[in-house]
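The questions below ask how each label was reached. Each answer sets a value against its definition.

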Amino acid sequence: QVQLVESGGGLVQPGGSLRLSCAASGFTFSSATMGWYRQAPGNQRERVAKITSDATTNYADFVKGRFTISRDNAKNTVYLQMNSLKSEDTAVYYCAKISFFNSWGQGTQVTVSS
């Protein structure tokens with residue numbers, strides 16, 4: 001059974017940084033494409049970044065140059081380093097195992113506010 005557990009969210013000031021982690025279990029992590037999505041109140045869930053099994057990355061235009069996705073296959077963990085955070089980055093961030101039907105974590109709240 002796929003399990004994804006996010007951590008690392010919180011309250012940060014504009015311009016600050018956070019690193020999200022997602023611990024995965026129940027599948028062959030090293031073979032999986034993983035991603036981070038976010039959903040703000042009243043908005044649809046949107047993909048932020050993804051990383052393939054060979055560590056190829058892809059980013060949404062609104063985070064390019066600010067966020068970095070990475071993975072540690074030895075720890076079955078995917079990360080999202082978020083720098084230069086803006087108020088519009090405020091959302092619940094979800095980790096996902098990307099496939100025909102995505103599997104989701106429970107989400108972690110990121111709030112960017114002064």
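Q: Why does Glu-46 count as partly exposed?
A: The relative accessibility of Glu-46 is 31%. Buried means under 20% relative accessible area, exposed means over 50%, and partly exposed lies in between (1.4 Å probe, protein chains only). Glu-46 therefore counts as partly exposed at 31%. This is a predicted model, in which local features need pLDDT of at least 70 and side-chain atom pairs count only at pLDDT 80 or more, while totals for chains, interfaces and linings use all residues. Residues are numbered from 1 along each chain as its sequence is written, and side-chain values use heavy atoms, with hydrogens and water left out.

Q: What makes the pair of Glu-46 and Arg-38 a salt bridge?
A: A salt bridge is a side-chain nitrogen of Lys or Arg within 4 Å of a carboxyl oxygen of Asp or Glu. The closest N and O atoms of Glu-46 and Arg-38 are 2.9 Å apart, and the pair forms a salt bridge.

Q: Is Arg-38 buried or exposed, and how do you know?
A: Arg-38 has 6% relative accessibility, so it counts as buried.

Q: How many salt bridges does a search of the whole structure find?
A: The search finds four. One of them joins Asp-61 to Lys-64, with the closest N and O atoms 3.1 Å apart. Another joins Arg-66 to Asp-89, with a closest N and O distance of 2.7 Å.

Q: What parts of the chain does the pair of Arg-66 and Asp-89 link?
A: The pair links distant parts, 23 residues apart. Arg-66 is in the loop between strand E6 (57-59) and E7, and Asp-89 is in the loop between strand E8 (77-82) and strand E9 (91-98). Strands (E, at least two residues) and helices (H or I, at least four) are DSSP runs, numbered from the N terminus.

Q: Why are Arg-66 and Asp-89 called buried?
A: Arg-66 has a relative accessible area of 10%, and is therefore buried. Asp-89 is at 1% relative accessibility, so it counts as buried too.

Q: Which residues are linked in a network of salt bridges?
A: The network links Arg-38, Glu-46, Arg-66 and Asp-89.

Q: Why does Asp-61 count as exposed?
A: Asp-61 counts as exposed because its relative accessibility is 63%. Pro-41, in the loop between strand E4 (33-39) and strand E5 (46-51), counts as exposed because it reaches 77%. Pro-41 and Asp-61 are 20 residues apart in sequence and 20 Å apart in space, C-alpha to C-alpha.

Q: How do you know that Arg-71 has no salt bridge?
A: Lys and Arg count as positive and Asp and Glu as negative, with His and the chain ends not counted. For Arg-71, which is buried, the nearest side chain of opposite charge is Asp-54, 7.4 Å away, and there is no salt bridge.

Q: What does the side chain of Arg-71 reach?
A: The side chain reaches the backbone oxygen of Ala-32 at 2.8 Å and the backbone oxygen of Thr-52 at 2.9 Å. Arg-71 is in strand E7 (residues 67-72).

Q: Leaving aside neighbours within four places in sequence, which residues is Arg-71 in contact with?
A: Contact means heavy atoms within 4.5 Å. Among the residues in contact with Arg-71 are Phe-29, Met-34, Ile-51 and Val-78.

Q: What makes the phi of Ala-55 worth a remark?
A: Phi of Ala-55 is near 70 degrees, a positive value in a residue other than glycine. Most residues other than glycine have a negative phi. Ala-55 lies in the loop between E5 and E6, and is partly exposed because its relative accessible area is 45%. Ser-84 is not a glycine either, and has a positive phi of about 50 degrees. Ser-84 lies in the loop between E8 and E9 and counts as partly exposed because it is at 42% relative accessibility.

Q: How do you know that the radius of gyration of the protein chain agrees with that of a compact globule?
A: The radius of gyration is taken over C-alpha atoms, and the globule rule is 2.2 Å times the number of residues to the power 0.38. With 114 residues, a compact globule would have a value near 13 Å; the protein chain has 13 Å, so the two agree.

Q: How many helices and strands does the protein chain have?
A: The protein chain has zero helices and eleven strands. Buried residues make up 41% of its 114 residues.

Methods
Polar contact = N/O pair within 3.5 Å; in protein donor to acceptor, adjacent residues only side chain to side chain.
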